[in-house]
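Please keep the sequence and the structure open while reading.

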Amino acid sequence: MSSFEPHHYTTVAGKRAQQGKSRMDVWVRLFRGLGVAGLVLAGVFLCVVALTVTTAGFAVAQTADSIVVEGNRRVEADTIRSYFRTSGGQRLDAAKVDEAIKALYATGLFQDVRVNQGGGRIVVNVIENAVINRVAFEGNRKVKDDQLSSEVQSKPRGTLSRPAVQADVQRIIEIYRRNGRYDIRVDPKIIDLPNGRVDLVFEIKEGDKTGVKTIAFVGNNSYSGSRLKEEIKTTETGLLSFLQTADIYDSDRIEADRDLLRRFYLKHGFADVRITSAVGEYDPEKKSFIITFAIEEGAQYRFGKIDIQSNVRAVNAESLRVRMKTQAGAVYNAEAVEKSVEAMSIDVAKRGYPFAVVRPRGERIPETKTINLVYTVDEGTRAYIERINIRGNTRTRDYVIRREFDIAEGDAYNRALIDRAERRLKNLNFFKSVKLTTEPGSAADRVVINVDVEESPTGEVAVSAGFSTADGLMGEFSIGDRSLLGKGQSIRATIMYGQRARGFELSYVEPYFLGYRMSGGASIFARQTLASSYYSYDSRTIGTNLFLGFGLSEEVGLQLRYSVYQQKITLPDNLNNCISSPNALINGGPGVTGSDPCYVDGEASLAVRKELASGAALTSLVGYTLSYNTLDNTRNPTSGLYAEFKQDFAGLGGDVNFIRSTAEARSYYEVFSDVVAVLRLQGGHIESWGGKELRMLDHFQMGPNLVRGFAPAGIGPRDLTVGTTQDPLGGTMFWGASVEAQTPLYFLPKDTGMKAAVFADAGSLWDYKGATSWNVTGETLTAADSKSIRASVGAGLIWNSPFGPLRFDYSFPLLKESYDRLQQFRFSGGTKF
């Protein structure tokens with residue numbers, strides 16, 4: 001027990017000591033917690049007091065109207081105070097002051113704004129932005145000052161805003177990038193001047209032009225890269241890039257090229273085509289772009305069954321078949337489908353159903369690779385055009401754009417007619433881009449049409465130079481405008497001077513004559529052709545033309561014209577000195593008396609001298625041209641047909657009477673990828689009337705324009721009288737046929753624009769009906785005249801160069817007459833720069 005009790009005593013004491021220590025810790029923690037809470041409460045109390053004091057101060061200041069403005073020079077103090085005033089019953093607290101400061105900064109007039117409160121008033125201290133004295137650009141050689149000035153927001157006599165200056169720097173950089181210069185640097189410099197004014201100078205380092213080094217296509221199995229490059233606007237940088245701008249990288253143009261490629265494939269049967277990407281990668285080392293188009297072609301389809309269904313009771317489906325541009329069995333063509341929809345929509349609208357909608361529905365048959373097509377005519381939703389907004393036209397008048405619409409405000413909305421207007425606007429060649437969009441109007445049945453355009457320059461100044469084997473060296477200067485004063489009228493003046501041909505022409509065209517969709521125009525011209533190895537005489541023609549033209553449909557056009565001109569020829573004396581000795585021959589013959597010079601020094605053909613003796617002849621004629629055009633591209637066609645028929649009736653006054661008829665047809669067909677076949681047929685006939693003799697000058701003169709390999713006027717009837725210049729007499733009837741195959745030169749870059757061609761020509765000119773004798777001298781001529789066929793084969797090089805179209809042909813005549821004149825090599829072309 002003794003040992004137990006001490007041990008028990010020690011344990012109880014330890015417990016009591018521990019309990020006392022625990023109580024002490026609780027009190028310590030309690031006091032610490034109260035201290036922290038007190039500090040927090042004190043801080044909150046002080047903030048509330050400070051805010052109350054500040055707010056009270058603002059309120060007192062506002063009430064006392066004692067806002068003090070310091071630092072202002074140009075801006076009135078009352079103007080600054082107005083930003084701090086409150087409406088009745090409101091207090092000027094910290095939030096109101098913050099709003100006022102932001103509003104002052106937003107004016108762009110101040111560089112710094114500070115607000116202090118003390119002594120029961122508010123002090124607003126401002127630092128005003130400097131006033132720009134002038135804005136200058138240094139180092140800009142490729143972009144003019146006027147263009148840069150119109151783009152930047154910083155203007156003389158405006159306030160200097162540093163954020164605005166930085167935004168202007170980006171605008172200038174963007175302008176240069178649109179011009180293909182991605183190595184551009186722009187440094188803004190601010191030069192301080194007295195009285196708070198500054199000069200703002202943009203120092204520009206333009207760098208070299210950033211071109212497109214390579215254009216690549218991925219996934220194009222049906223068409224070669226060179227063929228696809230023909231369809232897009234962007235070109236690769238080459239030796240002649242200094243003459244063009246299409247090789248400059250432009251993201252907007254790349255996106256447009258993407259759409260052009262898609263439309264090209266859709267037009268040639270690839271209904272599932274997708275241009276999945278168009279990527280431009282910049283190569284810093286070469287300072288140029290590599291553009292890659294990724295294509296998923298899909299299968300090529302043909303049209304299967306084509307049907308029309310009409311859900312409009314009064315419209316007979318079969319009556320619309322004449323409007324179809326699609327044909328069963330032909331290669332699928334999305335463009336032909338669009339034109340069919342458009343033609344049918346217009347037809348139905350004219351029948352009194354303006355809301356009718358024509359919808360094409362295609363059913364793909366993968367096994368046969370055909371598309372069965374059904375055009376469905378429905379009543380459509382009743383919607384009216386509330387307004388047509390035209391935006392972006394700074395020069396072109398609004399009415400020039402509006403007249404391309406077949407509908408106006410208040411008319412029934414028709415999508416086909418809207419698409420047609422968009423296509424017409426693009427074909428005007430007045431705009432860089434045209435985009436039509438729609439938005440809801442003020443009511444459920446109202447539609448607003450927005451027309452956004454980006455204008456392009458329409459003025460043209462061209463200096464041309466060239467050479468041809470027919471006319472020798474020649475130069476030309478022309479100046480004109482496709483849209484005079486923004487009114488859509490065309491005017492052009494041209495002066496041409498060459499070795500064998502000279503002249504001028506002044507022309508004017510009004511595309512909407514008397515407010516109708518009918519073009520009217522006039523021209524004044526003068527031409528002089530000098531004697532050459534092809535003709536022994538000079539000729540001079542001066543006259544005027546008047547014409548009216550209008551479209552009978554999208555493919556058929558008609559032009560009516562009236563022409564009056566005076567024509568005169570001249571000869572050197574030694575070719576017109578044989579009047580005293582008819583039928584004389586060199587070295588003796590009838591009428592030769594030893595020293596008689598007749599024919600010894602040469603003599604022009606009897607027909608030519610008789611024309612000379614008749615003097616100047618006045619021709620007054622009316623005529624027309626009926627044309628048909630389905631070409632896919634007027635400049636570089638690969639498919640379609642162009643045909644025209646012309647007739648002229650001379651004899652409405654004047655000195656000559658004749659009826660002249662000519663016809664021509666050209667058909668283009670892509671036989672293989674990049675190989676285009678061209679078939680050309682032509683023919684003509686002329687006949688005098690009223691008992692008048694047909695002048696030699698009114699006969700057809702044919703040469704390489706009929707069969708290549710022959711000289712100008714080298715085919716057809718000719719005066720073979722010995723001792724004369726044996727001039728061509730011309731014929732009253734001709735025909736010609738030509739077959740040609742064209743293909744690009746794959747080993748050359750696209751921008752060279754070169755094609756190779758092989759061809760075969762055949763034709764004939766015959767039946768001279770002019771003078772064969774002359775009573776004044778008693779002379780007669782010996783005329784060679786034959787219906788025989790002339791034919792040739794050959795090869796050529798076609799260069800659609802930046803200088804203008806050039807062509808080199810070398811031909812081998814296969815069929816000819818002994819009196820025909822040959823010219824196996826032929827070169828023609830010109831340049832514009």
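Two strands count as paired if DSSP finds at least two bridges between them. By that criterion β5 and strand β6 (residues 197–205), which run antiparallel, are joined by 9 bridges. The model is a predicted one, and the values that follow are computed from it.

**The chain as a whole**

- The protein chain has 833 residues, of which 41% count as buried, and its secondary structure comes to 11 helices and 35 strands.
- Among the contacts in the protein chain with a separation of 6 or more, 61% are between residues 24 or more positions apart.
- The accessible surface of the protein chain comes to about 43,800 Å², and 55% of that area belongs to carbon and sulfur atoms.

**The sheet β4-β6-β5**

- Three strands in the order β4-β6-β5 make up an open sheet, and the pairing within it is mixed.
- Because β4 (131–138) and β5 (185–193) each have a single partner strand, they stand at the edges, and one side of each is left without a neighbour in the sheet.
- From one strand of this sheet to the next, the twist averages 20°.
- Within the antiparallel pairing of β5 with β6, the bridge partner of Arg 185 is Lys 205, which lies in β6.

**The sheet β13-β15-β14**

- A further open sheet, again of 3 strands and with mixed pairing, has the order β13-β15-β14.
- The edges are held by β13 (384–391) and β14 (431–440), each with a single partner strand, so one side of each has no neighbour in the sheet.
- Neighbouring strands here are turned against each other by 15° on average, with direction ignored.

**The hairpin of β18 and β19**

- Strand β18 (residues 489–498) pairs with strand β19 (residues 501–510) in the antiparallel sense, over 8 bridges, and a hairpin joins β18 to β19 through 2 residues.
- In β19, Gly 503 is the bridge partner of Met 496.

**Aromatic rings**

- A pair of aromatic rings is described by the distance of the centres and the angle of the planes.
- How many aromatic pairs does a search of the whole structure find? The search finds 17 aromatic pairs.
- The ring centres of Tyr 265 and Phe 270 are 5.3 Å apart and the planes stand at 80°, so this pair is edge-to-face, an angle of over 60 degrees being what that class requires.
- Tyr 265 counts as buried because its relative accessibility is 0%, and Phe 270, with a relative accessible area of 3%, is likewise buried.
- Tyr 810 and Phe 812 also form an edge-to-face pair, with 5.2 Å from centre to centre and 75° between the planes.
- Are the two residues of this pair buried or partly exposed? Tyr 810 is partly exposed, with a relative accessible area of 39%, and Phe 812 is partly exposed as well, with a value of 45%.
- One aromatic cluster is formed by Tyr 223, Phe 264, Tyr 265 and Phe 270.
- The ring of Phe 759 has the charged end of Arg 708 over it, at 3.8 Å from the ring centre.

**Tyr 301**

- Tyr 301 lies in the loop between β9 (288–296) and β10 (302–310), and with a relative accessible area of 5% this residue is buried.
- Although Tyr 301 and Gly 269 are 32 residues apart along the chain, their C-alpha atoms are separated by 5.0 Å.
- Apart from neighbours within four places in sequence, Tyr 301 is in contact with residues including Gly 269, Asp 272, Tyr 332, Arg 364 and Lys 369.

**Thr 541**

- Strand β21 (residues 538–551) contains Thr 541, which is buried with a relative accessible area of 9%.
- When residues up to four places away in sequence are not counted, Thr 541 touches Phe 525, Ala 526, Arg 527, Tyr 565, Gln 566 and Gln 567.

Notes:
Residues numbered from 1 in each chain as written. Predicted model: local features only at pLDDT ≥ 70, side-chain atom pairs only at ≥ 80, totals over all residues. Heavy atoms only, no water. Phe/Tyr/Trp six-rings, centres within 6.5 Å; stacked < 30°, edge-to-face > 60°. Buried < 20%, exposed > 50% of the residue type's maximum accessible area, 1.4 Å probe, protein only. Lys NZ or Arg CZ within 6 Å of the ring centre and 35° of its normal. Helix = DSSP H or I, 4+ residues; strand = E, 2+ residues; numbered from the N terminus. Axes fitted to C-alpha atoms, helices over the stretch in contact; angles between N-to-C directions. Contact = heavy atoms within 4.5 Å. Areas by Shrake-Rupley, 256 points an atom, 1.4 Å probe, with all protein chains shown as cover.
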